[in-house]
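Please keep the sequence and the model at hand while reading.

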Amino acid sequence: MAKKRPQTKAAKAQSAKAQLTDGPIPVVGAREPCPCGSGRRYKACHGRAAAHAVTELVQRPFDGLAGECDWIALRELVPAATAELTLKGGLPDGVPSVTLATVLPMAWPALRRDDGSVLLALQNDTSSGDLSRDLADTLQRALTAEPGNPVAAQRVPADGPRLQDLLDPEGDFAPVVHSGFEFWVPDAENATPEVTASLERANAAAIPTVKLTGTDAAYWCETPDKNHLRWVMPHPEEKLLDALARLHAAGTSSLGEGTRLVGSFRAHGLTVPVWDLPSAMRAEDCEKPAAELQERLAAALAVDAPLTGDERRARGGLTNRQVTLS
């Protein structure tokens, strides 16, 4: 009988690859060898397809969640805020609460406090193109982390759950905007000198921000030269820009004397119009003008007629001043 010829390294790699590709390929670090046995790095092999699969979901990561507009505001516009989260099926044993936070100390993705409660950070960099999937992975790991420990960042499986799978769609989402980051620690007055210094640095860098009470997802903020109103709106972008152009051409897009609509951000699939305000105009001064503008905008959104020449020019100006945040 003929002797069996020994397998070459290439043949062994091909055999291992065939065995692994019959099933799911484990997720590893981008620069690690691909588990399929190809000899290439994961990011240049099966990681490329996994990353592409996740990126497909990036357009509106918070779509379907209660308070989508406020999720976007807390992700992109608000320095210090928290919001209680409601999980499907209730909280696990030993977890008294789950709170979304804009940022956490040391840029931690999440923190399991000594009492078992969970803080989930929203403004961290993420490893994939689907922010909802990244946050869901971090949340799941935080729920089972040892109390008193932060949760580290890690690469997220492309087929893992999303926030929409973990959070109750009927749950209330009510952001609370803070003047500083004292919510980081349960007892800020008795914090260590190191924590106190960290809080002071973070507080000094935070732009004063207030959420309006009479309109959804509208946030006043104070800067050295002028104040602004940033308003995350749920309407389809093209229809919203048409409506704003109609108001702008008619001279009714402002929030009163000394204010003006200056452009918009595009963030996570929605549009965020921005108004410049005089430095003397505080958040409470915006409440009535914003409510009145909301009524005018609703009427403009209901108009289906083509834009006039003046309205087209107004729309072009708004589009030219649009900045994409994500």
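## Overall make-up

Of the 326 residues in the chain, 42% count as buried, where buried means under 20% relative accessible area, exposed means over 50% and partly exposed lies in between, with a 1.4 Å probe and protein chains only. The model is predicted, so that local features need a pLDDT of at least 70 and side-chain atom pairs count only at pLDDT 80 or more, while totals for chains, interfaces and linings use all residues. Residues are numbered from 1 along each chain as its sequence is written, and side-chain values use heavy atoms, with hydrogens and water left out.

The chain holds nine helices and 12 strands, which are DSSP runs numbered from the N terminus, with helices (H or I) of at least four residues and strands (E) of at least two. Among contacts in the chain with a separation of 6 or more, 60% join residues 24 or more positions apart, a contact being heavy atoms within 4.5 Å. The accessible surface comes to about 17100 Å², and 53% of this belongs to carbon and sulfur atoms, as given by the Shrake-Rupley method with a 1.4 Å probe, where for residues only the protein chains shown count as cover.

## Aromatic pairs

Five aromatic pairs are present in the structure; rings of Phe, Tyr and Trp (its six-membered ring) pair if their centres lie within 6.5 Å, and planes under 30 degrees apart count as stacked, over 60 as edge-to-face and the rest as tilted. The pair of Phe62 and Trp71 is stacked, because the ring centres are 5.3 Å apart and the planes lie at 25 degrees. Phe62 and Trp71 are both buried, and together with Phe173 they form one aromatic cluster.

Trp231 and Trp275 make a tilted pair, because their ring centres are 6.0 Å apart and their planes lie at 50 degrees. Since Trp231 belongs to strand 9 (residues 227-231) and Trp275 to strand 11 (residues 270-277), this pair ties together parts that are 44 residues apart in sequence. Both of these residues, Trp231 and Trp275, are buried.

## The largest pocket

The largest pocket contains about 250 Å³ of space. A pocket is found on a 1 Å grid over the protein atoms alone, as an open set of points where a 1.4 Å probe fits, with protein on both sides within 12 Å along at least five of seven lines, and its lining residues have an atom within 4 Å of a point. Of the 15 lining residues, Cys69, Asp216, Val232, Met233 and Pro234 are the closest to the centre.

Helix 3 (68-76) and helix 8 (283-301) are the elements that give two or more residues to this lining, and helix 8 gives the most, with four. The lining divides into nine nonpolar, three polar and three charged residues.

## Loop residues

Most residues other than glycine have a negative phi. Ala217, however, has a positive phi near 55 degrees, and this residue sits in the loop between strand 7 (209-211) and strand 8 (218-222). Its relative accessibility is 0%, so Ala217 counts as buried. His268 likewise has a positive phi, near 50 degrees, in the loop between strand 10 (260-267) and strand 11, and with a relative accessible area of 8% His268 is buried.

Thr102 lies in the loop between strand 2 (98-101) and strand 3 (110-112), and at 0% relative accessibility Thr102 is buried as well. Leaving aside neighbours within four places in sequence, the residues in contact with Thr102 include Leu74, Val78, Leu122, Phe181 and Phe183.

Technical notes. Grid points are joined across faces, edges and corners, and a volume is the space filled by probe spheres set on the points. Ala, Val, Leu, Ile, Met, Phe, Trp, Tyr, Cys and Pro count as nonpolar, Asp, Glu, Lys and Arg as charged, and the others, Gly among them, as polar.
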